[in-house]
Amino acid sequence: MDLIKVNDTIMANKFLIETTFQLEKDFLNIGVNFDIEKTIQDYKQLFSFASKLVNTLNEQDPKRILNLLYRIDLTEEKVQSEMQISPLTFSELLAELIVKKELQKVIMKNYYSKPENQ
């Protein structure tokens, strides 16, 4: 799954609800409530919410972030390499990488759930 396909999916707001559910599931697995208050309209809103949550976690309990990264298979090396080239803050970048990784999982599940792709 290449990044271009993930970015195209983001631009089209495809799989937005499924990605939100996947985020809720994985955050709950590390003991953090991903309780988004209103219906998400687009990925920008999802990135913003995730960024605030990641920032709070980073300040209060950074070990949970590491646990989440491990759970969703997002390596520290990937985060560090992206930090070198990104103009975003740490929390913004981490939130973006987390949401994109979760979206990638949703895309893959959707792809492989179709009988013609098995």
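**Close-up 1. Lysine 78 and glutamate 82 pair up in a salt bridge.** In this predicted model, the N-to-O distance between the two side chains is 3.1 Å. A salt bridge here means a side-chain nitrogen of Lys or Arg within 4 Å of a carboxyl oxygen of Asp or Glu. Both residues sit in helix α5 (residues 76-85), four residues apart, so about one helical turn separates them. Helices are DSSP runs (H or I, at least four residues), numbered from the N terminus. Lysine 78 is partly exposed, with a relative accessible area of 35%; the scale calls a residue buried under 20%, exposed over 50% and partly exposed in between (1.4 Å probe, protein chains only).

Close-up 2. Glutamate 96 counts as partly exposed at 24% relative accessibility, while lysine 100, at 16%, counts as buried.

**Close-up 3. Aspartate 26 reaches lysine 105 in another salt bridge.** The closest N and O atoms are 2.8 Å apart. Aspartate 26 belongs to helix α2 (residues 16-29) and lysine 105 to helix α6, so this pair ties together parts that lie 79 residues apart in sequence. Aspartate 26 is buried, at a relative accessible area of 3%, whereas lysine 105 is partly exposed at 23%. In total, the structure holds five salt bridges.

**Close-up 4. Helix α3 crosses helix α6.** The axes of α3 (residues 43-60) and α6 (residues 90-112) come within 8 Å and cross at roughly 125°. Axes are lines fitted to C-alpha atoms over the stretch in contact, with angles from 0 to 180 degrees between N-to-C directions. That makes the two helices oblique to each other (under 35 degrees is roughly parallel, over 145 roughly antiparallel, 65 to 115 roughly perpendicular, and the rest oblique). Among the residues that meet are Phe47, Ala50 and Val54 from α3, and Leu94, Ile98 and Leu103 from α6; contact means heavy atoms within 4.5 Å. By class, this contact has eleven nonpolar, four polar and three charged residues (Ala, Val, Leu, Ile, Met, Phe, Trp, Tyr, Cys and Pro are nonpolar, Asp, Glu, Lys and Arg charged, the others, Gly among them, polar).

**Notes for all views.** Residues are numbered from 1 along each chain as its sequence is written, and side-chain values use heavy atoms, leaving out hydrogens and water. Because the model is predicted, local features need pLDDT of at least 70 and side-chain atom pairs count only at pLDDT 80 or more, while totals for chains, interfaces and linings use all residues.
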